[in-house]
Each structure stands twice: as structure tokens, then as C-alpha cells.
Amino acid sequence: MAKQRDERREKGEVWDGVIEGMPLFAKELIAGGVAGGFAKSAVAPLERIKILFQTRQAEYRSLGLIGSFTKIAKTEGTLGFFRGNGASVARIVPYAALHYMAYEEYRRWIIDGIPGVGKGPILDLVAGSFAGGTAVLFTYPLDLVRTKLAYQVVGSQKLNIQGLVTGEQVYKGIKDCFSKTYKEAGIKGLYRGVAPSLYGIFPYAGLKFYFYEKMKSHVPKERKNDITIKLACGSVAGLLGQTFTYPLDVVRRQMQVQRLSASNSHEMKGTVDTLVMILRTHGWKQLFSGLSLNYLKVVPSVAIGFTVYDMMKAYLRVPSRDDAVVEVVTSNRDGQSSTLHS
């Protein structure tokens, strides 16, 4: 027993050394990635139905939420609710890791590079916007694959494409989807719909951080570290940001699956054409199709994401945001001072 305790203690000391020697950005990457993976998996069934509402409105929108759950359960079983979730998690882990880390880094760079800029919601708006754009550019092909896999419905009459037998899946998995998409249209095909994604993520990510920090600024100092307060602020911020930018998300989904949709009689050339087509064919309400379902998804997703992120930061001993800024600024000044004296 004593030997086992000594071994555990040694392993603990080794792990402590690894954590202490880990750069700050690496800790933020890990914390953000783990938080994103947990949050996305928890709301995967709602995400699947939201995508079907956005792209297969004739089949699923009329059924409603409960009817759609029932249909998927009958035709695809429990695993049907998680169709495309592998690609979704594979996308969200690096996306969330980059998003959180890039936000923290951009924020520090702005404070360090622009003296007197101050700390406030506007800083978070700018840092959040650029962080969102950075994360999207690096992970968009995974989002495209996730959407294509989630769009496929076993037994669907609309999946009879280019001579395929009804019910046969176009893509067998993540690797197959990547391969076929690349062969069809190359790199351009893997970034199909990235324009509305960027149009949407810049304001959404920025507004999310803006509203979050703005609401936190009105919280009494003694309650700022209360996790329930953080979760409440984050959830409301996510809902507000999503409402303003949701139509662009619908346009993006339509562009991603247009090659799979038998209902499209002609090619949609770009973001504006897709937007006009949706308005003419389905009306403006289609631009908000699935939004109420998205609200149900955003609240638990943000709650879980913030909770896990905070837990991971505490576990990895990430300093508070202001302490990290002071540390970076101090180290930069020390470096500049040593350079001048040498």
C-alpha cells in the first residue's frame, strides 16, 4: 500500500511539473477543446434535427420537434440522433480550442499593442470577432462534412441522387465524405458556404463576447465568480448573438447541401443567390427555421461549455484573464529592457 501511494505521489508530481511547464496558450487550447467536445455531444440530437429543419423543410418541418424525434427513432434508431456527431465533435474540438485561445490571445495583443485601449465590452467585441473568424477558417471543412452527413436520412425518398437506390447513403463516413467532396470540387468544394459562415461568425462571436462582458460588468463584485451568474450571462449572450445572425446560418447550410438536394433545379452560385432563392421559394420565415430549436440547444450547450471550460482552466491552473495580461505585458517589458541594456 505504501509503495502504491509513493507511486501515485510520484506520478502526481510529474503531472504537476507538466502542467507548470505548459505554455499558457496550450492550456487555453486544451481547456477550450474539452469544453467544446462535451457541450457539442450533449446537444447532438437537437443539432441533428435543427439541420434537418433547415435543409429538409418539406419532410421534417411539418412534423415538428416531437414528430421529428419519433421519425428518426423509428427509421434510424438511437444512433440516428448522433449521425454526423463524430464529424461535429472532430470539428468543434479544434474550433472551440482555437476560438477560446485566439480570443484570449487577441485580447492580450490588443491591450499590449495599443496603450490606453482599456478593458471593456468593445475590446471583447473586436477580439471575439477576430477569434471567431480565425477558428472558422481553420475548421470549416469539418463543419461542411458534419452537415453533409447529418443531412443524409436513411430511407428518405429525397436521397435518390444520380441514380442511387432510395435509402442508400451517399457518404459512408467522415473520410469518405472528405474524399468524395474533394474529388468533386477540390479545395473550393471543402469551403463551399464559408462566406456566409464568416459573415455570421464575425458579428456572432463578437456580439456573444460583447453581451457576456457587458452583462458581467453589471454583476456585483462579490458575485462575479459565481458560476451560475457566468452561465446565465453566457446563455443570454449566446441567444442574443444567435438571433441576430441566424439567417446566415440557414444560408450556409443550404449552400453546403445543395449538391445533395434533389429539389434544387439549378445551381446556387453564391451567398446572395442562395438568400434570394430561399426568400422566393419559402419566404422570409425559412431564414429563421429551426431558431426556436436552436434556442433549446444553445442554453445547455453554453452552460456546459462554460462550466467545463472553467473546470479545465482551474485544473490546468490557468491564471485569471487580467493576471495573464499583466504577466504577458511584464514579460514583454522585461525583454525590451534587457535588450536596451545589452
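**Notebook: a walk from Y315**

I started at Y315, which counts as partly exposed at 45% relative accessibility. My cut-offs here: buried is under 20% relative accessible area, exposed is over 50%, and partly exposed is in between, with a 1.4 Å probe and protein chains only.

Before going on, I noted that this is a predicted model, in which local features need pLDDT of at least 70 and side-chain atom pairs count only at pLDDT 80 or more, while totals for chains, interfaces and linings use all residues. I number residues from 1 along each chain as its sequence is written, and side-chain values use heavy atoms, with hydrogens and water left out.

**Entry: the patch around Y315**

I placed Y315 in helix α12, residues 291–315. For helices I follow DSSP runs numbered from the N terminus (H or I, at least four residues; strands are E, at least two). Which residues make a nonpolar surface patch with Y315? I found V14, W15 and V18, and together the four give about 390 Å². Helix α1 (residues 2–21) supplies the largest share of this patch, with three residues.

The patch rule takes residues with over 30% relative accessible area and no salt bridge; nonpolar side chains (Val, Leu, Ile, Met, Phe, Trp, Tyr) are joined within 5 Å, and like charges within 9 Å. Areas come from the Shrake-Rupley method with a 1.4 Å probe, and for residues only the protein chains shown count as cover.

**Entry: salt bridges**

I looked up charged pairs next. Side chains of opposite charge can pair when their charged atoms come close. The rule I used asks for a side-chain nitrogen of Lys or Arg within 4 Å of a carboxyl oxygen of Asp or Glu. By that rule I get seven salt bridges.

One of them joins R317 to E20, at 2.9 Å from N to O. R317 sits in the loop between α12 and α13 (321–341) and E20 in helix α1, so this pair ties together parts 297 residues apart in sequence. I noted R317 as partly exposed at 37% and E20 as exposed at 52%. D16 joins these two in a network of salt bridges.

Then I turned to E28, which pairs with R108, their closest N and O atoms being 3.1 Å apart. E28 belongs to helix α2 (residues 24–42) and R108 to helix α6, so the bridge ties together parts 80 residues apart in sequence. Are these two buried or exposed? E28 is buried, with a relative accessible area of 2%, and R108 is buried too, at 4%.

R108 also meets E105 in a salt bridge, 2.6 Å from N to O. Both lie in helix α6, three residues apart, about one turn of the helix. E105 counts as buried at 15%.

**Entry: the cores**

Now for the inside. A nonpolar core here is a set of buried Ala, Val, Leu, Ile, Met, Phe, Trp, Tyr and Cys residues joined through side-chain atoms within 4.5 Å. The largest has 11 residues, including I92, Y95, V136, Y140 and I201. Helices α6 (85–113), α7 (121–151) and α9 each give two or more residues to this core. Apart from it I found another core of 10 residues, among them V219, L231, A237 and V298.

Setting aside neighbours within four places in sequence, I201 touches Y95, G132, G133, V136 and G206.

**Entry: G193**

Where does G193 lie? I found G193 in the loop between α8 (174–190) and α9 (194–216). G193 counts as buried at 5% relative accessibility. Not counting residues up to four places away in sequence, G193 touches Y140, R252 and M255.

**Entry: cysteines**

A disulfide is a covalent bond between the sulfur atoms of two cysteines. With the cut-off for a pair of cysteine sulfur atoms set at within 2.5 Å, I count zero disulfides in the structure. I checked C177, buried at 0%, and C233, buried at 8%.

**Entry: the whole chain**

To finish, I looked at the totals. The chain has 13 helices and zero strands. Of its 342 residues, 46% count as buried. Among contacts with a separation of 6 or more, 78% are between residues 24 or more positions apart. The chain exposes about 17400 Å², and carbon and sulfur atoms supply 63% of that area.

Terms used: Contact means heavy atoms within 4.5 Å.
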